[in-house]
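Thanks for making time, everyone.

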Amino acid sequence: MSQVRTETSAATSVAWVRSAGAVCLAAGILGAASGIFLAVYPGQVSKDMFSYPLTAGGFTVLQVWFFVQHLGLLAGIAALVWAEVMAPGRSTRWGVGLAVFGMALLAVTELVAITARNSTYPGDGTGLLDVLYGVSSVAVGVGLILAGSAVRRGGRWSGWRGLVVLVAGIFVFVPMMPALLGPFVLARLAITVWMMLFAALGYALWKADRQ
């Protein structure tokens, strides 16, 4: 009986990991599509507006979407625990916890950003948003580097799967953060590539098994 329960629990965990992976895959692809959309969409407001290239109304809708989309990325990060692909240890727990915290804060920040939809940049409220975006991004980056290192030590994923979490963490610092300080289109393209790394993570989880 205990063996049946163990097998059932294992099957449930695999199903949950695959479902979370599918959600992360979709969120990554749609996030990349959103980045490309913003890069090519003709500006509806002046470039000094925080909502650029969208009007305040369009910006509000997109920010709500980004909140939902970030929750999909969060599911992928959390699923790493149940996928059992990371070597155990304190740094592993800190890594996943920090990445989950950072992505959750980043999701909330997308909603908070709506308050600055009618502001210029820099302007009222944008200083706080810079801090929130910075803290959340650094937390995600450091967390993914720690978690990605644990995946490498675990040895369960080989090839690109063994590297995708680590690369997603490193990518936050080089080249994404420097790109975010550069031209608008370059920043959007950097985020697009980051989203595709999450899509790759989602695919790896979606295909995960315990065999």
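Let's start with the largest pocket: 37 residues line it, and Phe50, Tyr133, Leu180, Arg188 and Ile191 are the ones that lie nearest its centre. A word on terms: on a 1 Å grid over the protein atoms alone, a pocket is an open set of points with protein on both sides within 12 Å along at least five of seven lines, a cavity is a set where a 1.4 Å probe fits but cannot get out, and lining residues have an atom within 4 Å of a point. The volume of this pocket is about 1200 Å³. Volume here is the space filled by probe spheres set on the points, with grid points joined across faces, edges and corners.

Before I go on, the housekeeping. This is a predicted model, where local features need pLDDT of at least 70 and side-chain atom pairs count only at pLDDT 80 or more, while totals for chains, interfaces and linings use all residues. Residues are numbered from 1 along each chain as its sequence is written, and side-chain values use heavy atoms, with hydrogens and water left out.

So what is the pocket lining made of? It divides into 22 nonpolar residues, 10 polar and five charged. In that count Ala, Val, Leu, Ile, Met, Phe, Trp, Tyr, Cys and Pro are nonpolar, Asp, Glu, Lys and Arg are charged, and the others, Gly among them, are polar. At least two lining residues come from each of helix 1 (2-40), helix 2 (56-83), helix 3 (90-112), helix 4, helix 5 (161-180) and helix 6 (184-206).

Now the overall fold. The protein has six helices and zero strands, and along the sequence that reads α-α-α-α-α-α. Helices (H or I, at least four residues) and strands (E, at least two) are DSSP runs, numbered from the N terminus. The C-alpha atoms fill a box of roughly 65 × 30 × 25 Å along the principal axes. The radius of gyration is 18 Å, which agrees with the value near 17 Å that a compact globule of 211 residues would have. That radius is taken over C-alpha atoms, and the globule rule is 2.2 Å times the number of residues to the power 0.38.

How much of the protein is buried? Of the 211 residues, 44% are, where buried means under 20% relative accessible area, exposed over 50%, and partly exposed in between (1.4 Å probe, protein chains only). As for contacts (heavy atoms within 4.5 Å), take those with a separation of 6 or more: 75% of them join residues 24 or more positions apart.

Ser136 sits in helix 4 (residues 126-154), and with a relative accessible area of 0% it is buried. Where does its side chain point a polar atom? One lies 2.8 Å from the backbone oxygen of Leu132, which is a polar contact (a pair of N or O atoms within 3.5 Å; within protein, one must be able to donate a hydrogen and the other to accept it, and residues adjacent in sequence count only if both atoms are side-chain atoms). Setting aside neighbours within four places in sequence, Ser136 touches Gly102, Leu105 and Leu106.

Gly162, over in helix 5, is buried too, at 1% relative accessibility. Again leaving out neighbours within four places, Gly162 is in contact with Gly148, Val151, Arg152 and Trp157.

Then the loops. Glu84 is in the loop between helix 2 and helix 3, and has a positive phi of about 55° although it is not a glycine. Glu84 counts as partly exposed, at 42%. The backbone oxygen of Glu84 is 3.1 Å from a polar atom of the Arg156 side chain. Arg156 belongs to the loop between helix 4 and helix 5, and at 41% Arg156 is partly exposed.

Last stop, the cis peptide bonds. Tyr52 to Pro53 is cis, with omega near 5°, and Pro53 is in the loop between helix 1 and helix 2. Val174 to Pro175 is cis as well, with omega near 15°, and Pro175 lies in helix 5.
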